[in-house]
Amino acid sequence: MTPIRTQWTRLIRFVAVETSRVHIGEPVDPNIDVGVAAHQGTLIKAHEIIGSALDPAAQVSGKILTVKYLLSPLTRSEVGFVRCLGLNYTDHAEETKMAPPAFPVLFVKPTSSIIGTEGTVIIPAAAQPVKEHLPDYEVEFTIVIGKAAKDVKEEDALDYVLAYTGANDISFRKHQLAVSQWCFSKGFDNTNPLGPCLVSASAIPDPQKVPLKCKLNGETVQDGTTADQIFQVRRTIAHLSQGTTLEPGSIILTGTPKGVGFARKPPVYLQHGDRIETWVGGGIGTLFNDVKEERETLAKL
């Protein structure tokens, strides 16, 4: 197989100041954390990319646009399908006092869960009060599939990767721990930040050397590395593609390191007004997401 090669190294999706329309582009500054820059109001310039984010032949043009605000690097329709691994870091398995799984633990999410770089995480009325439902953060290194993958061999697995990005797998522990299937507890609308950019697979030749962190209200709560994954990226793609086609654009969240809220003593849970920062290395950058509770009014009853 031939690895996927893109003209761009980092790709963002944004609304441009000049056009008030949505574009994709490559940041002019190769070192800027676009998530931090957007959050701080720092000027971001990008070369417009002509074509689709999922098309490796998309051209980086000479036209430079100014970012008005960032969006998730892929639309929900481009993603199409969200796969996730549970209990995939050795230190996370230890902190939850669970045995490392013999096979990847797979669950899925609806694309309606996806939000962007500074999107608001909504705790739905169905998951309140928070002291009972324990909404939780999970920083995750995320794979973006670039071409249809089925029955892939482990040694060829990285050839199917278009890019990598970051995510925050917001989880509602009451429902998660009550049953064996996690789709409901991890799939509420507007609870899965994604981004802030795509980094081409060629720019991260070894996906097992990527650091990742999470901060809650400015305090570091997770600080890990993909080196601690139980099922590494190659194994994950190979396993999930057995008898199943992984479509271009589909994403795979690869699990979270130790430090999750429900495993802490006392437990930590997300509340209205909190701010979560999730950072993934390799040039991916930082997501900033505020937390708000859905407030029902008498008019809705």
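**Entry 1: terms and model**

A salt bridge, as I use the term here, is a side-chain nitrogen of Lys or Arg within 4 Å of a carboxyl oxygen of Asp or Glu. I am working from a predicted model, in which local features need pLDDT of at least 70 and side-chain atom pairs count only at pLDDT 80 or more, while totals for chains, interfaces and linings use all residues. Residues are numbered from 1 along each chain as its sequence is written, and side-chain values use heavy atoms, with hydrogens and water left out.

**Entry 2: salt bridges**

I searched the whole structure for salt bridges and found eight. I looked up Asp-206 and found that its salt-bridge partner is Lys-209, with the closest N and O atoms 3.9 Å apart. To describe their surroundings I call a residue buried under 20% relative accessible area, exposed over 50%, and partly exposed in between (1.4 Å probe, protein chains only). Asp-206 is partly exposed, with a relative accessible area of 31%, whereas Lys-209 is exposed, at 63%.

I then turned to Arg-275, which forms a salt bridge with Asp-290, and here the closest N and O atoms are 2.7 Å apart. This pair links distant parts of the chain, since Arg-275 is in strand S17 (residues 275-280) and Asp-290 is in strand S18 (residues 285-293), 15 residues apart. Helices (H or I, at least four residues) and strands (E, at least two) are DSSP runs, numbered from the N terminus. Both partners count as partly exposed, Arg-275 at 32% relative accessibility and Asp-290 at 29%.

Are Asp-136 and Arg-173 buried or exposed? I noted that Asp-136 is buried, and that Arg-173 is buried as well. Their side chains meet in a salt bridge of 2.9 Å, N to O. Asp-136 lies in strand S9 (residues 135-136) and Arg-173 in helix H5 (residues 173-178), so the pair ties together parts that are 37 residues apart in sequence.

**Entry 3: nonpolar cores**

A nonpolar core is a set of buried Ala, Val, Leu, Ile, Met, Phe, Trp, Tyr and Cys residues joined through side-chain atoms within 4.5 Å. I found that the largest one has 53 residues, and that those with the most contacts inside it include Ile-12, Phe-14, Ile-143 and Tyr-164. The largest share of this core, four residues, comes from strand S10 (residues 139-145).

Leaving out residues up to four places away in sequence, Ile-143 touches, among others, Val-161, Ala-163, Tyr-164, Val-233 and Ile-237. Apart from this core lies another, of 23 residues, among them Ile-49, Ala-53, Leu-74 and Val-82.

**Entry 4: strands**

Two strands pair if DSSP finds at least two bridges between them. I traced an open sheet of five strands in the order S8-S18-S17-S14-S15, and its pairing is mixed. Strand S8 (121-123) and strand S15 (219-225) are the edge strands, each pairing on one side only. Strand S14 (residues 211-216) runs antiparallel to S15, and six bridges join them; Lys-215 stands opposite Thr-220 in S15.

I also checked strand S2 (residues 22-27) and strand S3 (residues 45-50), which pair in the antiparallel sense over three bridges, and Gly-25 has Glu-48 in S3 as its bridge partner. S3 is joined by five bridges to strand S4 (residues 59-71), again antiparallel, with Leu-65 in S4 as the bridge partner of Ala-46.

Conventions:
Contact = heavy atoms within 4.5 Å.
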